[in-house]
Amino acid sequence: MAKNDVKLLGAWPSPYVNRAQIALNVKSVDYEFLEETFGSKSELLLKSNPVHKKIPVLIHADKPICESLIIVQYIDEVWADGPSILPSDPYDRAIARFWAAYIDDKWYPLLREIRSAEGEEAKAAVVKKIIEGFELLEEAFVKSSKGKGYFGGDSIGVQHTSSAILIMAKSDVKLLGFWASPYVNRVQMALNVKSIDYEFVEERFFPKSELLLGSNPVHKKIPVFFHGDKTICESLVIVQYIDEEWTNGPSILPSDPYDRAVARFWAAYLDEKWFPAVRELRSAQGEEAKAALIEKIVEGLALLEEAFAECGEGKAYFGGDSIGYLDIAFGSFLGWLKVVEIMADVKLLDEAKIPGLVRWAVRFSSNDVVKDVLPEPEKLIEFFKMFQARVKAAAKS
Ligand SMILES: N[C@@H](CCC(=O)N[C@@H](CS)C(=O)NCC(=O)O)C(=O)O
């Protein structure tokens, strides 16, 4: 690879940029570092990361890849002959992805918070949370490193193979969930894609079951996936695990590393930016607040329409001819999107603006692996009202 085929757009103090640098170093990839100056964003940055406008951006043979953890996985997959960064075992990979997401979503934001915390009490509360996080990470370190020097074993990011078990009795695969959860629905869809038989254990909440608290002590959320003696949390981590563990079924993630990076990018965008706006709209008060959220959601749909044209290349799904990772990540929200359309009395899936997505949504919802999983909007609305009443009652008691 010629040096100018790999460029990293970044700034030296950014820990996210440092991740990409470390990964390139692990693989001994020569690259050109393009320094972004703080305070102004270069044309190249705006063009190559129009969604978040953030560094790092890895530019490989003119293709931009954004989001540090996605870049690290991309580097690992493209320069596959160098030392591996992700563990080779699908379960170990799932665990590494789980903790990396925990660090980004929960733990590191605390470090940022402490910089601006006012008053001793507020500071002490943040410090307590940071230490609790460290304790969780210490435990994770002991489990992942298996007594070696790094989370990844003997070297940064490296682990060992363990053989995949291909024939699984139904009782060996269990899903703790609830029918109305889009995150749980994702796992159900992935299992259907692979034709895997599983036992569905319903979480009833109020109070949360011992099984939930014991198996997902970090987030205390469904879905939780059990495979033999392994427990995996976080829907997108679980979907990737299923894809990697049952490799003999149809693939869920694209086979090309760049297409995989793009699918991961949009799935993360949906979870971090787009769906939170949809969720907020369910209970938004006041016309102004509602209008602002609708604008965000519609803008997001326009971006996704573009992504659909690019990823699907004119085919039926984001994943091509059959349902893939991004189809599952996005499609799982369709029921709740319709709920919001009804409750806020607004048309979001508008044929005039996003014809590709509207047709995709119809196709997706009637696909065999989806149709018995995706809940009807009317049923969801009924559930939502009941759930809110229970939350209120629980808060009072
Ligand atoms: N990022 C998680 C989100 C899971 C999630 O939010 N699950 C909800 C049900 S839809 C839950 O368990 N909520 C319980 C709570 O927030 O206490 C994933 O992708 O699995």
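Helices (H or I, at least four residues) and strands (E, at least two) are taken here as DSSP runs, numbered from the N terminus. The model is a predicted one, so local features need pLDDT of at least 70 and side-chain atom pairs count only at pLDDT 80 or more, while totals for chains, interfaces and linings use all residues. Residues are numbered from 1 along each chain as its sequence is written, and side-chain values rest on heavy atoms, with hydrogens and water left out.

To start with the loops, Pro223 sits in the one between helix 7 and strand 7. The bond that joins Ile222 to Pro223 is a cis peptide, with omega at about 5°. There is also a cis peptide bond from Phe206 to Pro207, where omega is near -5°; Pro207 belongs to the loop between strand 6 and helix 7 (210–215). Ser195, in the loop between helix 6 and strand 6, has a positive phi, near 50°, and is not a glycine. As background, most residues other than glycine have a negative phi, and most peptide bonds are trans.

On to the sheets. Strands count as paired if DSSP finds at least two bridges between them. Contact here means heavy atoms within 4.5 Å.

Within that sheet, strand 1 (residues 6–10) pairs with strand 2 in the parallel sense, over four bridges. Gly10 has Glu35 of strand 2 as its bridge partner. Strand 3 and strand 4, by contrast, run antiparallel and are joined by four bridges, with His60 partnered by Lys63 in strand 4. These two strands make a hairpin with two residues between them, and Ala61 in the turn has a positive phi of about 50°.

The other open sheet to describe has four strands in the order 6-5-7-8, again with mixed pairing. Strand 6 and strand 8 (230–233) form the edges, and each pairs on one side only. Its twist averages 20° from one strand to the next. Helix 6 packs on the sheet, touching strand 5, strand 6 and strand 7 (224–227), and points at about 155° to the direction of strand 5.

Strand 5 (residues 173–177) and strand 6 (residues 199–202) are parallel partners over four bridges. The chain gets from strand 5 to strand 6 by way of helix 6 (residues 182–193), in a right-handed β-α-β crossover. Right-handed means that, with the strands pointing away from the viewer, the path from the first strand over the helix to the second runs clockwise. Bridge partners in strand 6 include Glu199 for Lys174 and Phe200 for Leu175.

Finally, the second largest pocket has a volume of about 770 Å³. On a 1 Å grid over the protein atoms alone, a pocket is an open set of points with protein on both sides within 12 Å along at least five of seven lines, and lining residues have an atom within 4 Å of a point. Grid points are joined across faces, edges and corners, and the volume is the space filled by probe spheres (1.4 Å probe) set on the points. This pocket is lined by 36 residues, of which Tyr258, Val262, Trp266, Glu310 and Cys311 are the closest to its centre. Helix 9 gives the most to the lining, with seven residues.

Key
Axes are lines fitted to C-alpha atoms, for helices over the stretch in contact, and angles run from 0 to 180 degrees between N-to-C directions.
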